[in-house]
Amino acid sequence: MLGLHKKDFNLLLIVVVLAMLAPFILNPFPENSGLAQFNAGYPDLMQKFVIFGIFAIGFNILFGLTGYLSFGHAAFLGIGSYSCVWMFKLLGYSVVPGILLSIVTSGIFAWLIGIISLRRSGIYFSILTLAFAQMSFALCYSVLSNPKFNLTNGETGLQVYNNDPQYFRGEGSPNVPHFFGMEMNATHKMELGGWLFQFNTGYYLCAVIMVLAFYLSIRIFRSPFGMMLRAIKSNNTRMNYTGLNARPYTLAAFVISGMYAGLAGGLLSAVDPLAGAERMQWTASGEVVLMTILGGAGTLIGPVLGSGLIKYFENIFSKINDNVLHSWFSFMPDGIEDLMVTLIHPFVGKGWHLTLGVLFMLIVIFLPGGLVEGGQRIKRLISGKKAADETEDEATQSTPAE
Amino acid sequence: MGILEVKNVNKRFGGLQALGDVNLSVEENSVHAIIGPNGAGKSTLLNVLIGKLIPDTGSVSFDGQSVLGRKPYEICQMGISRVFQTPEIFGELSVLENMMIPIFAKRDGAFRMHAVENSSNEKAIIEQAEHVLESLNMADKRHFNSASMSRGDKRRLEIGMCLSQNPRLLLLDEPTAGMARADTNNTIDLLKQIKDERDITIAIIEHDMHVVFSLAERITVLAQGTPLVEDTPDNIKGHPKVREAYLGESA
């Protein structure tokens, strides 16, 4: 089906179902229950899940297949965001040209940066990409936002103003980003018993694009091109003495993954037309590395799971404050309640990074293959099979991609 | 005029003369061994032949074309394949995939972007790869993870990967180093079989005299970066200069 093997097709099917039903799956708790704060099924967060999923899928094409660890991928995310907002400013609020331009510009930048960075491998490659990303950040944050030539609008961030030209804006078309008239921020709410489900246009557009991006990545993984990339990761010496030139392969992988990042950046602007330089900072580049490793580098579904987990932590754990903790432990005697709250306090709220860090360490040490390896182990436990030769990356995770 | 011609090659590393005036001619379709004690310059010579090192002076030509200054992949495309001292295979890939990659390279050249085709639809390539595996008696191992195989099997696979491209010259760098006796003998048999079945020139650098004398038709003895003698195996065996180079003057 669709040029995929049965196993891959099933995986794609699972992703499609999860993406389409996410508003239900991510909202397991009724609205007025105490657990409602763990619900992730609201538009803003769901959009982040799929957009950063695209970012991580693209990053995995470079890192998972070739082993080249780029520490500057956020630069392409930012370039994509700026490109999309500029299309809004110049042409109008339709998201299509913006998303297309964000893919093209980030592809061009990836090509330029790739030509230089890929002259080195290993840690030197990582440092070069990091340097380029920090230069891009500095350019966007200050250099390119002076009164004479204001490309990025500096700290404020690039946004659309009423006096922007918007040459192709039709009469009566929405004054917010839209996809052929469908407003990106339009949300259809459905109340069902105690539950509230939200269906957001922006989310569904991003989800469809994510499914397409995921499909393309499966095709790349299973293609001769993907095989060559894995061969480069495995043994570059043999690759060269086999009569293959590794450089164009790695460059192509770098450009493809840069375009994925640009697409993600464009979508971030499409759902919220504001692009700031902080999107390009090195912490953002590090985040996508974490996502990919957490989920399982080199696996198909891993990066999506990893990005989901990190975004969930970022948005849900960070909201648990002391008041919430007190209400959880209120059944305990006062002294113990205070003690519990003091103990847990550093790991939630503003300290969510601490929980993430601990989790990351545990996974890297005990599950080097990331969440996907965890899923495979559970599967093997259930089916009672011994650790077979299932080292291939056919990950059939059945846990929801939150 | 041989298929591989090395003329007046010199290479210095700082104060060390690694190669001094090396002249070497490898006849087409012969098995030519290069032997010598440790530090004789065998590996340096090999690295010059495959484009990894550029000599200070002299020339190296393959089939009339200079190989100097070419990249390894270009030299490979000229028809020179190299087998390494420690088997260099794609450890993370299956045996069959290992075998498919050189066949892709032979068909498509140094680079081709086929990113959305499905590699399991490349029937011709797979068939050819399986054919090579069968000739190596490895067909039953095609789905093995190549990194988990024995040294001998890895060597066998590596040689197969080289042969699948139908090279005109096969360069082997101590192909039996670090191998068990049985694996060594298997490798010798494999190389003999290759020699009998194909029109191929084999140049072999080796420490193990058993391997050298079972295979070679011509032998060059290197000592201190210079060829000492070049002759048939029978003449080399009793050659006083060779004994001297290997065992020291008192022997």
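Asp21(B) is partly exposed, because 14 other C-beta atoms lie within 10 Å. The scale, with C-beta atoms placed from the backbone: buried means 20 or more other C-beta atoms within 10 Å of a residue's own, exposed means 12 or fewer, partly exposed is in between. This is a predicted model: local features need pLDDT of at least 70, side-chain atom pairs count only at pLDDT 80 or more, and totals for chains, interfaces and linings use all residues. Residues are numbered from 1 along each chain as its sequence is written, while chains are lettered from A and ligands numbered from 1 in the order in which they are written.

Back to Asp21(B). Its phi is positive, about 50°, although Asp21(B) is not a glycine. Most residues other than glycine have a negative phi. Asp21(B) sits in strand E2 of chain B, residues 16–26. Helices (H or I, at least four residues) and strands (E, at least two) are DSSP runs, numbered from the N terminus.

Now Asn8(B). Here phi is near 50°, again a positive value in a residue other than glycine. Asn8(B) belongs to strand E1 of chain B, residues 4–13. Is Asn8(B) buried or exposed? Asn8(B) is exposed, because it has 12 other C-beta atoms within 10 Å.

Next, helix H1 of chain B, residues 42–49. Six of its eight residues are buried, so the helix is mostly covered. The buried ones are Lys42(B), Thr44(B), Leu45(B), Leu46(B), Val48(B) and Leu49(B). Just after H1(B) comes Gly51(B), with a positive phi of about 85°.

On to the interface. 29 residues of chain B are in contact with 27 residues of chain A. Contact means C-beta atoms, placed from the backbone, within 7 Å. On the chain B side, helix H2 (72–78) and helix H3 (95–108) each supply at least two residues. H3(B) gives the largest share, five residues. By class, that side has 16 nonpolar, seven polar and six charged residues. Nonpolar covers Ala, Val, Leu, Ile, Met, Phe, Trp, Tyr, Cys and Pro; charged covers Asp, Glu, Lys and Arg; the others, Gly among them, are polar.

Chain A overall. It has 15 helices and six strands. Its radius of gyration, taken over C-alpha atoms, is 22 Å; a compact globule of 402 residues would have one near 21 Å, which agrees. That rule is 2.2 Å times the number of residues to the power 0.38. Buried residues make up 47% of the 402. Of the contacts in chain A with a separation of 6 or more, 74% join residues 24 or more positions apart.

Then the core. The largest nonpolar core has 173 residues. Such a core is a set of buried Ala, Val, Leu, Ile, Met, Phe, Trp, Tyr and Cys residues joined through C-beta atoms within 7 Å. Which residues have the most contacts inside it? They are Ile54(A), Phe55(A), Tyr260(A), Ala264(A) and Leu171(B). Helix H9 of chain A, residues 246–271, gives the most to this core, with 16 residues. Leaving aside neighbours within four places in sequence, Ala264(A) is in contact with Ile51(A), Phe52(A), Ile54(A), Phe55(A), Leu77(A) and Gly80(A).

Last, a helix pair. In chain A, H4 (residues 95–117) and H5 (residues 122–143) pack at about 145°, axes 10 Å apart. Axes are lines fitted to C-alpha atoms, for helices over the stretch in contact; angles run from 0 to 180 degrees between N-to-C directions. Ile113(A), Ile116(A) and Ser117(A) in H4(A) meet Phe125(A), Leu128(A), Thr129(A) and Phe132(A) in H5(A). That contact has five nonpolar, two polar and no charged residues.

Notes
Contact = placed C-beta atoms within 7 Å.
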